[in-house]
Amino acid sequence: MNPLQITLLALGATFLLLWAKSPKNPRYAWRFGRAVVLTLASVAVLAPFVWLLAAVFKDRSVLNEYMFFPPLADWSKKTMNLENFSRLFQGRPSVQGRVYFWQYVLNSTMLATVSTTAQLFFSSLAGYALAKYQFFGKKALMACMLGSMMIPGVLLLAPIYAMAVKFNLVDSLFGLMLPGLVTAYGIFLFRQACMAIPNELIEAGRIDGCSEFGIFFKLVMPLVRPMSAAFCLVSFLGNWNSFFAPNVFLHSQDKLTLPVVLNLYITQYENDYGVFLAGTALAMLPPAILFFALQREFISGLTSGAVKG
Amino acid sequence: MAQTKLQYKSWVPFAFLGPYLLLTSVFFLYPFINALVLTFYQTNGPKSRVFVGLGNFKYLLSDSTFHQALTNTTLFAIASVCLQLPLSMGLAILLNQGNSRLKGFFRLVLFSPNLVGQIFVGILFSVLFTPRYGLINRTVQGLVNWGLEERWLSNPVLVMPAIILTSLWLWVGFNMVYFLAALQSVDKSLEEAARIDGANAWQVFWHVTLPSMRHVVVFVVIMSIIGSYQLFELPMALLSSTNGYGPDNSGLTVITYLNEVAFRSGDLGLGSAVGWVVALIIFTVSLIQIRLTKVVED
Amino acid sequence: MSLSRLIDKYPYGKAPLALLVLAVVSVALWFSTQKQREKRPDLIVVTFTAPHQAAYRKALPEFEKQYHVKVDVQLAHWGSLQTRLQNAMLADTDVPDLVEMLEGSLGFFARGPKEDIGLVDLTDRIEGEHLKERMVASRFSLWSARGRVFGMPHDVHPVMLAYRRDLVEALGIDVRELDTWEKFNEVGRRITRDKNGDGVIDQYMIDLPSGGGYGVLIMMLQRGGQLFDEQGRPAFANEITAEVFRQYLEMTLGQQKIAYECGWGQSFFKAMTDGLALFYITPDWRSYTLQTDLPRLSGKVALMPLPAWEKGGRRTSVWGGTGLVITRRTKHQELAWELAKFLYLNPKSLGERFKDTNIIPPFKDAWSLPEFSVPNSYFSGQPVGQLYAELAPQTPPFYSSPVDSIARAKLDEAYTRAIEHFKAHGQDGLMDVIRKELRLAQDDVMRRSERNQVLEQGK
């Protein structure tokens, strides 16, 4: 019997005890059980992150000695330090001189924020149009959009790369953004959200002399703010963590984004896991902050949008 | 919603859709047609192509590796729908009945795996699955006194469970958030009415709550299936010590197979054919899904 | 208008506004940090492994001074480099001038008709300068296709066994007596046991992957087996492979096993520190990994050549390989060739490179440099360079093909079937099953490579 089994047994026993106390109305038992399950789930989810945290602060020579943190007795400058971060901030060589960590953060930030803002704008435009306008070929277009989401992206990589080279978009952060400026997924999300807007509002706007674009911008968009926030979060996450496309399209050492450059620390013949993990831990902060700030809007955005048919 | 007279100029919708249409025709349609055409060819190098008609498809029919990739991926899709989604739903229900302060905290924690990219998750878990010393082996050993030596990533039988486990960690929280949002919009009065009528908690859930969340559930299921069939970065990173495919091709998915055939062996035509088969499967499954829900509705 | 009202007017809401502001700020910052882009360097070299990039950048200034050119060495992830190169070839667009490639990847590029191969044919140049005599000839096999050579080999990567000298000596084992696998296994069976009585074996003889993988391949090559023949046809269904399978099964499975799979990374290092296995397959590049990631074991590790299959046989194998190819689209073919030779044949930089990586070059003249005979304190004072250099001429060739990774996977599949049979029936009928599975696997690979109609037509 080890501590883990003992703990689980104790929790189970407590649950049964609470149940036995009031079998007809086991409110306390359920509450306790609920808390236990949620806590266990959280522990299971957080455990790998704890490993990450431990690995980030362990010195390179002892990274492989201890699974998590060294026992307190072994803590010293030699085993726990900020070496990984200092190596991370040392930068990487390039023909333009040394490139430092902040440059990669800047690249990633620019890519993610500009992409997300553009995607927000164009997707909402198209989504609104699909929700509130009738036009020839609308059904066909929506079917095609849905179909396009089912094509594996890897398939289109070679021709897109060829085109990107022709248009001189390779090795450029802006060129990388261009193919992905509008996503069918985003369009559908905004379509759902806009369909919930009452038509009377739009007609009232027209009567008031607003232009179509004005209606869109001043009347409709403020009403789907939750959806905008939700979409921003999902988009930002996707763009911030995207690896495959930047990996292929970006060549110059000073244009790489965070996921790409961090992976370069794990090469065929040499791995510096400590730096890789330290960088990943830092790279997790912006999305975490964003999610934390946007949690409520995110949830209500989902409620108002994708939820309804 | 019928309108007798258009109250806006007819070019307006196209102006709104303009950017999308433009970008799509350049960056999607052209590559798409390119891929479509390539399916009937066999490519070797920049300039050489040989027309093979349906030859690629014929080859895939008898290709045991492709069949294995299909089996693996389908298994994963089924596990996603039948394991992941109930877990997400369960957690969403549990989370829904609480006070809001803790709710926000748990929501953040359970969603947090999605803050990092798939590649990182794959690498992280490849370390956690190591035999004897890995976190997962040690935990399982502690719980049921078995499995310390199990090689998750070198045992063909355990590779797919390992991938499924990793995907659970990653996506249960994500779908949970969707379900949570849907639960919050369910009409409470309906539930109350059912409870007053004498239904127990499970019946209330199955007959009242779930049907009113129908649209979200369908949406999440379809997205899950589409996502499962496009699984690529996760298995490649997880199984990177065996070329990304696992021992005995047990971790081969259709997209990693596509990547192998098109970009490692060099036949883009065959890769295109694989892609088309995948798209067809996804399309069919989604169609069936939608039809089924319509049937249930009526 | 107050700030909060301004914020309110943004239609999308607070968070999207924050993102917009951040976007504008970051774009402005980005443009301001963009350094004046110098004109494209004369030559771009791309590699996928950081130690190489570091080593090349160290050596470059001399080349740049001599030829008055600018050379850039870029680092890219191997997967992306491969994709990028492939796409560039397919689209017939701008590519780097020189690219370092990983073993087995040449096949993709040599797939089509000869005019289409996007790499410069180096055969004549190599023969003109007698490089096959001056370098280890077998290494050119990795970079050859259809009889022509397209790449310069960077390394030899002979394989030795690294072992915990302190533990091995404490057990009274004299490694000089372990000159055949038979003797090795015998000793292994003796010492593989449960040391502390908890029911779990905690002392194995050797670290081998249980699924076959690189272990089987290394042993196959050592014994004279091959994945592909010189023409790129699969050639692994033969007695040599079958024998290797059988031996490997005995070593890794069953009652008499002496091997444990220690894996990679954290678990490998822990295993070595604990002495979970005593012997580890160690090519030259891995010896450097040990030095950097396991400093605690300094002085406790030593190297020995692989035990041979029969007395007096080959005592090494190969594992991995990198090579340099010149793309045909380069504007400075001759200059690129000079750079390739400079990077790979320049004795001065080769000595330093060995010191930084433990990797011995295939260039024979370099082995007499002083750095190669320096006693290495990590490896108990052994002259690591010399040890590997002695084995280098014996390294077996390794031919490539476009279906390289499929062939490896198929070989693993055949081995898995053998495992299943061994677990169920032991030695009963084992060899027949092995032979059958190997034949099936080879036929499948053959079918795949025979699909290559262009090759058929071009012949």
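**Salt bridges and chain contacts**

Arg408(C) and Asp404(C) form a salt bridge in which the closest N and O atoms are 3.0 Å apart; a salt bridge here is a side-chain nitrogen of Lys or Arg within 4 Å of a carboxyl oxygen of Asp or Glu. The model is predicted: local features need pLDDT of at least 70, side-chain atom pairs count only at pLDDT 80 or more, and totals for chains, interfaces and linings use all residues. Residues are numbered from 1 along each chain as its sequence is written, chains are lettered from A and ligands numbered from 1 in the order in which they are written, and side-chain values use heavy atoms, with hydrogens and water left out.

Both Arg408(C) and Asp404(C) belong to helix α17 of chain C, where they are 4 residues apart, about one turn of the helix. Helices (H or I, at least four residues) and strands (E, at least two) are DSSP runs, numbered from the N terminus. Asp404(C) is buried, at 5% relative accessibility; buried means under 20% relative accessible area, exposed over 50%, and partly exposed in between (1.4 Å probe, protein chains only).

Arg408(C) also forms a salt bridge with Glu103(C), with the closest N and O atoms 3.4 Å apart. This pair links distant parts of the chain, 305 residues apart: Glu103(C) is in the loop between β3 (98-102) and α5 (106-109) of chain C, and Arg408(C) is in helix α17 (residues 404-425). Glu103(C) counts as buried at 19% relative accessibility.

Another salt bridge in chain C joins Asp444(C) to Lys410(C), the closest N and O atoms being 3.6 Å apart. Asp444(C) lies in helix α18 (residues 430-450) and Lys410(C) in helix α17, 34 residues apart. Asp444(C) is buried, with a relative accessible area of 7%, and Lys410(C) is buried with 5%.

Chain C as a whole has 19 helices and 12 strands. Of its 459 residues, 61% are buried. Its C-alpha atoms fill a box of roughly 85 × 65 × 50 Å, taken along the principal axes.

What does chain B bring to its interface with chain C? The contact (heavy atoms within 4.5 Å) takes 39 residues from chain B and 41 residues from chain C. The area buried between them is about 3500 Å², of which carbon and sulfur atoms give 46%; buried area is the accessible area (1.4 Å probe) that two parts lose on being put together, summed over both. The count between chain B and chain C is 2 salt bridges. One pairs Arg151(B) with Glu261(C), with the closest N and O atoms 3.7 Å apart.

Between chain A and chain B, the contact takes 84 residues from chain A and 81 from chain B. The buried area there is about 7500 Å², with 80% from carbon and sulfur atoms. On the side of chain A, Arg34(A), Met150(A) and Leu155(A) lose the most area to chain B, together 9% of what that side buries. The count of salt bridges between chain A and chain B is 0.

Phe106(B) lies in helix α4 (residues 100-111) of chain B. Leaving aside neighbours within four places in sequence, Phe106(B) is in contact with Leu38(A), Thr39(A), Ser42(A) and Leu95(B). Phe106(B) is buried, with a relative accessible area of 11%.
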